[in-house]
Amino acid sequence: MLNVKGLKCAFNNAGATVVGVDDVSFNIEKGACYALLGPSGCGKTTTLRCVAGLQEPSGGVIEIDGRVVYDATAGICVPTHERPIGVVFQSYAIWPHMTVFENVAYPLRVQRPRLRESEIRDRVMNVLSLVGMKDIGERPAPRLSGGQQQRVALARAIVRNPALVLLDEPLSNLDAVLRDHMRKELAELIARVGVTALFVTHDQIEAMSLAHRIAVMKDGRIVQEGAPREIYAHPRDIFVAQFLGAANTIDGVVDTALADGRARVRLNDGQSLTCRSAAQPGSPVTLVLRPERLRLSASRPDGSAGLAAQVRSVTFLGGFVECVTELGDARLRVIGPPDVSPEAGAGVWLCLLDEPIALPRRE
Amino acid sequence: MSASRTGRGDWLAVALPAAGALIALYLIAVPLGMLVYAAFRGPADFLPMEPGAQWTLDNMRAIVSDDALLTKVLPDTLIFVAGTVTLSTLMALALAWLIERTDLRGRTFWFALIIYPTLIPVVVKAIAWILLMSPNAGWANLALRALTGWSGEGPINIFSMTGLIFCQALSTTPFVFLQMSAALRSMNPTLEEASRASGATPLKTFFKVTLPVLLPGLLAPVILVTLITLEQFELPLIVGLPARINIFAFRIYNELNPASGLPNYGGAAAISLPFLALGLLALLAYNRAIRSADKFVTITGKAYAQTRIPLGRWRLPAYLFLLTFVAFSAALPTVILIWTSLFGFTAPGRANLADASFRAYASFLNDPVFWRAARNSFLVAISSAVIVTMVGAMIAWIVVRTKAPGRKVLDALTFMSLGIPSVIAGLAVMVVYLSFPVGLYGTVGILVIAYSYRLATTTRLARASIMQIGPELEEASRASGARWLTTQTRILLPLITPGLLSSFLLLFIIGMREFTIPFVLYSQENVVMSVLIWQLFQGGQPAHSAALGVMMIAMVLPIILLARRYIVARGGGA
Ligand SMILES: Nc1ncnc2c1ncn2[C@@H]1O[C@H](COP(=O)(O)OP(=O)(O)OP(=O)(O)O)[C@@H](O)[C@H]1O
Ligand SMILES: [Mg+2]
């Protein structure tokens, strides 16, 4: 459906060349929802704008719905208005001089050959009711709340049944509570409309809850690509591991390699653990321990693996307790039920619910 | 805009802006180029391209060896400019401070009264001030003589450098005032509050915070008024000439209309070069000032609610100052004009109210010259305002939204138009259309072209409006399937309409007030009202001259009021 190959985009910033996107390739299946996830400045928006044709890339091939819309070597660059897309902008870009209805009707009105007025009306009312905005069609656009603007922007993006919908940080302009709500609604809507969507976000929760596949970007490149669970469980490096959710890291060295991609790792303070790792004995690694995969215990756990640590601080956070423990020179964060409340300075055991992943570390 | 491959049907995205750029070049670069060219062509009474004309440095030599230029024209010009700028800056700052930062009552009312005279053509005001302050029969002098028992002429003599500077400052103060009050209004009061919360006294706060933050914003209008004063022609002609004050604009005019002999095009062009340079220098300073003002982010256009300082026992002097200013700049001139249009030169004390006569007004009804002048004034003001608004908006768009090559040059060129004195613009256009006999010289058309060099007026306004509109509003339209022209007409244009209307209105007022260009390019066919007013006054018909002045105000005022209401209703505001 969307096929991006070797996309490159360089900017000229006051003489210096800034590479915004560097050799990015990915594929989106028809009807799938795909997320570009990464920190600020990693080139997500630039990638999206290249797909939309709002930014001319400096190399690569982009194909939407079987049609090549950009090919650097063949000299093809289809202008934005001829691409079968809909875009939801980060700021929503609702035109303030039109009513809600006219905003949504616009993509239909600029179509050639002209559509009949009755058809335009029907289709607009259809999408408006789809996004739950049927009753405020005649309202002037400036008098909308953030959530309403988001719905109007979405309605406008899908009204002409584009092959591909592009969304740039669609939820970042909403406050926290509304964002939670709209995220669920957006997921439902995308599923119901069955549209192919590419969206950009720096929020891993958003990416994981909305997308079928995620590409994690860094410095203009895709670092890892895959289904949300897959990436979460098997991050390729520390950057991906940390970007997908608060991860504790602790350094060690591989002692012995075990069968089926596992290894015995000795931590800096002398304790040992079995981890998932393909590294050779003697090579330095970093362990990734997810806080929610750790349990606090007063005694050495039998059965599962455990690490001895010292409690540094305990913070009561309502539904749970956050406990920071110290293990050698590493700090590990553990989430526990509110009734667990060890004393600061006390010794505790950390039980590992599953084998952590150990990623090779460059010294 | 991907400049190279914009796709089918979107050649307009390149063609239209390119056309705008070409028109801008034609309006500004061609006349200026011709002017520089003419300065180095001779003999002096030949047009630069006439057969027989050749390259020469004679014109340049002539200015260097011209004593009068150094000992009279330059000092007179500098004294006139320096005096006017100082006086209008002081008055404007005081007025702006009173209205924006004190608890003065009736602020909206005073504000309107202060800026109202900007609508009156300077010729009209000049005539009114002569009627008010001429040494023999000026109303003010009559009143002062009656009060003090002074005998002979005076005590006030408008026909002096002091008188000229006073009148010119009265006329330019409202412009400075407008900008200074905007600067004061956009000062973020939390800056001062933070200073006071840090333990600084109000006085310390003023010198340590308020003044340094506002300085760039106050400097810009001062430089702008220098530019405006430098190109003044009306008051130096009407008030200065009888006092033998000889500023450069006047000198250029004299080269073109010598008492005897042929017009000296080369000489006029050569003299205009150093003054053009002076204008551009001031423009450079202005550019720096607005840049550093931007850096302080005080001039954001956002108005804050200001903490107001109680006037206390200064209330009475403050009102007296306001009253005196408004009386001389707006109220008395209007009253005198109306009176003179009814009674001629007869002063109030000696007139019999029953003698009031509408003869002057009535005589215009059957006067073809009046109708021609009225038609020409509107025609030229409206068409040049339309041209400048359209071309200027296009250039603003190119500069803000595209990466087109040469856009910086285009930007600089249009900005330059702000620094070109109108007498020089008139001269340049004159030389162009005398050289190319396309039948424009002496017509209304040449006025439209000459007026239209003021592109900077629009580009600045249009730029501000375009920059307020996030580019994603246009991108959303393109992503909805709209081609370039559709996006421009359905999204951008409606959104910047208030800004464009303000620009149109401003240019219309400037066009109606314009005197220098139509005076320099005068022919019987292209006479406009402002020139006709002066001719009538010169010709000893004060009642007619005043009546025409009153009518001009009466024509412009309602248009402006209506249009402003419309703009405000559209959410814009000039
Ligand atoms: N028009 C431009 N001119 C110059 N450099 C640009 C331009 N647009 C983006 N860049 C640069 O390209 C890089 C990628 O920018 P991009 O906007 O794609 O980041 P992003 O991932 O969307 O970040 P954010 O989460 O902050 O929106 C950045 O280093 C940015 O500075
Ligand atoms: Mg972005």
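At 7% relative accessibility, A:E169 counts as buried, a word that here stands for under 20% relative accessible area, while exposed stands for over 50% and partly exposed for what lies in between, with a 1.4 Å probe and protein chains only. This residue sits in the loop of chain A between β8 and α5 (176-193), where helices (H or I, at least four residues) and strands (E, at least two) are DSSP runs numbered from the N terminus. Although A:E169 is not a glycine, its phi is positive, at about 45°. The model is a predicted one, in which local features need pLDDT of at least 70 and side-chain atom pairs count only at pLDDT 80 or more, whereas totals for chains, interfaces and linings use all residues. Residues are numbered from 1 along each chain as its sequence is written, chains are lettered from A and ligands numbered from 1 in the order in which they are written, and side-chain values use heavy atoms, with hydrogens and water left out.

A:N161 also has a positive phi, near 50°, and is a residue other than glycine. It lies in the loop between α4 (146-158) and β8 (164-168) of chain A, and A:N161 is exposed, with a relative accessible area of 62%. Most residues other than glycine have a negative phi, and most peptide bonds are trans. In chain A, the peptide bond from A:R112 to A:P113 is cis, with omega near -5°, and A:P113 belongs to the loop between α2 (100-109) and α3 (117-130).

Another loop of chain A, between β13 (262-267) and β14 (272-276), holds A:N268. Is A:N268 buried or exposed? With a relative accessible area of 53%, A:N268 is exposed. If its neighbours within four places in sequence are left aside, A:N268 is in contact (heavy atoms within 4.5 Å) with A:D251 and A:G252. The C-alpha atoms of A:N268 and A:V216 are separated by 30 Å, and these residues are 52 apart along the chain.

Now consider chain A as a whole, which contains eight helices and 21 strands. Its C-alpha atoms fill a box of roughly 75 × 50 × 40 Å, taken along the principal axes. Of the 363 residues in chain A, 50% are buried. Among the contacts in chain A with a separation of 6 or more, 63% are between residues 24 or more positions apart.

Where chain A meets chain B, 29 residues of chain A are in contact with 24 residues of chain B. The two chains bury about 2200 Å² between them, 55% of it on carbon and sulfur atoms, where buried area is the accessible area (1.4 Å probe) that two parts lose on being put together, summed over both. Of the area that chain A buries against chain B, A:H81, A:W95 and A:Y106 supply 26%, more than any other three residues.

Within chain B, helix α19 (residues 455-468) has 14 residues and reaches 20 Å from its first C-alpha to its last, close to the 20 Å expected at 1.5 Å a residue, the expected span being 1.5 Å times one less than the number of residues. The buried residues of α19(B) include B:L455, B:A462 and B:I466. The buried residues of this helix pack against α1 (12-39), α15 (368-401), α16 (407-416) and α21 (484-513) of chain B.
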